[in-house]
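Here are my notes for your first look at this fold. Have the sequence and the 3D view open side by side, and take the points in order.

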Amino acid sequence: MKETAQFTVGSGNTRYFKAPVFAVAPMIDWTDRHYRFFARQLSRHALLYTEMIVADAILRGDREKLLGYHAAENPVALQLGGNDPAKLAEAARIGEGFGYHEINMNVGCPSDRVQSGTFGACLMQEPARVAECVAAMKAAVKIPITVKCRIGVDDQEPEQALRDLVARVKDAGTDAVWVHARKAWLQGLSPRENREIPPLDYGLVHRLKEENPNLFIGLNGGLQTLDQALSHLDHRLLPPGGPAPAAETGNGPALDGVMLGRAAYHDSGLLTAADGYFAHPLTGAAPEPIEPHAFNDRDHRLSLDYWAGVRDTMADYAATHIAGGGRLVHVTRHMIGLFQGWPGARRYRQLLSADATRKGAGPEVIHAAFNAVFEAATARQAAE
Ligand SMILES: Cc1cc2nc3c(=O)[nH]c(=O)nc-3n(C[C@H](O)[C@H](O)[C@H](O)COP(=O)(O)O)c2cc1C
């Protein structure tokens with residue numbers, strides 16, 4: 001029997017996660033509701049994070065526009081930006097009402113806009129305030145409250161800054177901590193450079209886990225492939241024959257989850273393999289055998305039925321979005337990273353990036369783009 005049932009990591013008043021988690025990171029402008037709907041077609045077990053939404057915006061703005069989403073996207077965690085415990089608590093309560101499964105606090109984003117509101121990564125310097133925010137949100141909602149942070153900012157000493165923050169938020173009852181394993185430099189680097197230049201320190205995150213065995217600790221930052229991500233987890237929880245587990249790779253004590261950002265967006269096909277390793281984080285439903293979803297899978301078969309299902313679901317979804325006044329490109333812009341390296345991928349990208357932006361473009365563009373891949377892949381298979 002698989003040992004996922006023994007996975008009981010979690011502090012606070014919930015046993016939130018039932019299994020090691022595969023998460024798609026919060027990304028402004030990228031992980032909007034349309035991306036998440038698409039990602040959910042590719043993985044049923046991934047935990048999806050929203051873009052960061054500022055608590056003030058929720059309190060003052062159009063809540064349906066900011067928070068509304070399709071139930072099929074679940075499980076979804078809402079990431080909040082803010083530094084005021086009362087406002088965050090109220091925003092969390094509103095988010096809970098919308099059906100989100102978790103509220104995550106952003107303690108990692110270094111953009112100027114965020115700094116001027118003194119939240120995001122700058123809060124690494126104010127661990128007591130972060131803890132107050134976590135405690136206020138915990139008191140306001142029943143769903144889990146989690147934190148996503150860096151290992152430090154500017155001249156902070158990560159060994160100390162990260163431990164201080166984690167100790168505080170743990171006491172405040174956080175249900176999980178996701179660590180983007182590099183510092184943020186608040187001056188002189190753009191947000192983009194802050195995701196590339198400060199060096200990664202995965203070892204520190206593993207040491208943190210060793211010191212906090214009962215706290216869920218997940219790793220984020222620079223994970224490019226599923227195999228790389230899996231090497232940070234516990235081999236007992238992975239199917240036999242999979243990649244080398246944490247203990248054997250020298251990564252140190254196994255972590256509780258992995259969170260992928262850019263790779264999950266730019267190479268969204270990798271999501272199709274995640275369910276082969278990861279149980280459902282909330283129900284504990286066991287990993288599902290990996291269907292031959294990928295063109296380059298072991299036996300080189302193209303699962304046309306599977307991909308035709310994705311095509312039809314996305315075309316129907318786009319049709320509904322357009323009927324509600326939206327544009328096709330709102331949906332298709334997130335789909336361009338699929339089929340990396342497949343025959344027909346270039347034509348697929350062309351159709352989705354050019355034709356989808358034309359006035360009056362409809363779901364037929366999605367059909368045409370997928371069909372271009374099907375034709376090219378089938379021709380390649382026939383020739384092999
Ligand atoms: C376009 C973009 C937007 C992002 N927006 C957010 C955000 O809203 N909140 C957040 O915590 N991190 C944000 N991030 C950072 C990611 O969540 C993640 O920590 C970072 O990209 C490192 O992970 P990766 O190497 O897997 O991409 C963003 C990253 C990108 C590329």
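1. A quick definition to start: two strands count as paired if DSSP finds at least two bridges between them. Take strand β1 (residues 21–24) and strand β8 (residues 257–260), which pair in the parallel sense over four bridges. One spot to look for is A23, whose bridge partner in β8 is M259. Keep in mind that this is a predicted model.

2. Now zoom out. The protein has 16 helices and eight strands. Eight strands close into a barrel, with parallel pairing, in the order β1-β2-β3-β4-β5-β6-β7-β8. On average, neighbouring strands of this sheet are turned by 25° against each other, direction ignored.

3. Some overall numbers: 47% of the 384 residues count as buried. Among contacts in the protein with a separation of 6 or more, 71% are between residues 24 or more positions apart.

4. Next, have a look at β6. Why can we call strand β6 (residues 176–180) largely enclosed by the rest of the structure? Because five of its five residues are buried. A176, W178 and H180 point one way from the strand, V177 and V179 point the other way, and all are buried.

5. What does β6 pair with? On one side there is strand β5 (residues 145–149), parallel to β6 and joined over four bridges. Here V147 stands opposite V177. To get from β5 to β6, the chain passes through helix α7 (residues 158–171), and this β-α-β crossover is right-handed.

6. Strand β7 (residues 217–220) also runs parallel to β6, and four bridges join the two. V177 turns up again, with I217 as its bridge partner in β7. The chain goes from β6 through helix α8 (residues 202–211) to β7, in a β-α-β crossover that is right-handed.

7. Leaving out residues up to four places away in sequence, Y49 touches A23, V24, A25, P26, T31, A77, Q79 and N104. Also check V76: V76 and Y49 are 27 residues apart along the chain, yet their C-alpha atoms are separated by 5.7 Å.

8. Last one, a helix on the sheet. Helix α4 (residues 85–97) lies across β3 (76–81) and β4 (102–107).

Notes
Residues are numbered from 1 along each chain as its sequence is written. This is a predicted model: local features need pLDDT of at least 70, side-chain atom pairs count only at pLDDT 80 or more; totals for chains, interfaces and linings use all residues. Two residues are in contact if their C-beta atoms, placed from the backbone, lie within 7 Å. A residue is buried if 20 or more other C-beta atoms lie within 10 Å of its own, exposed if 12 or fewer, and partly exposed in between; C-beta atoms are placed from the backbone. A crossover is right-handed if, with the strands pointing away from the viewer, the path from the first strand over the helix to the second runs clockwise. Axes are lines fitted to C-alpha atoms, for helices over the stretch in contact, and angles run from 0 to 180 degrees between N-to-C directions.
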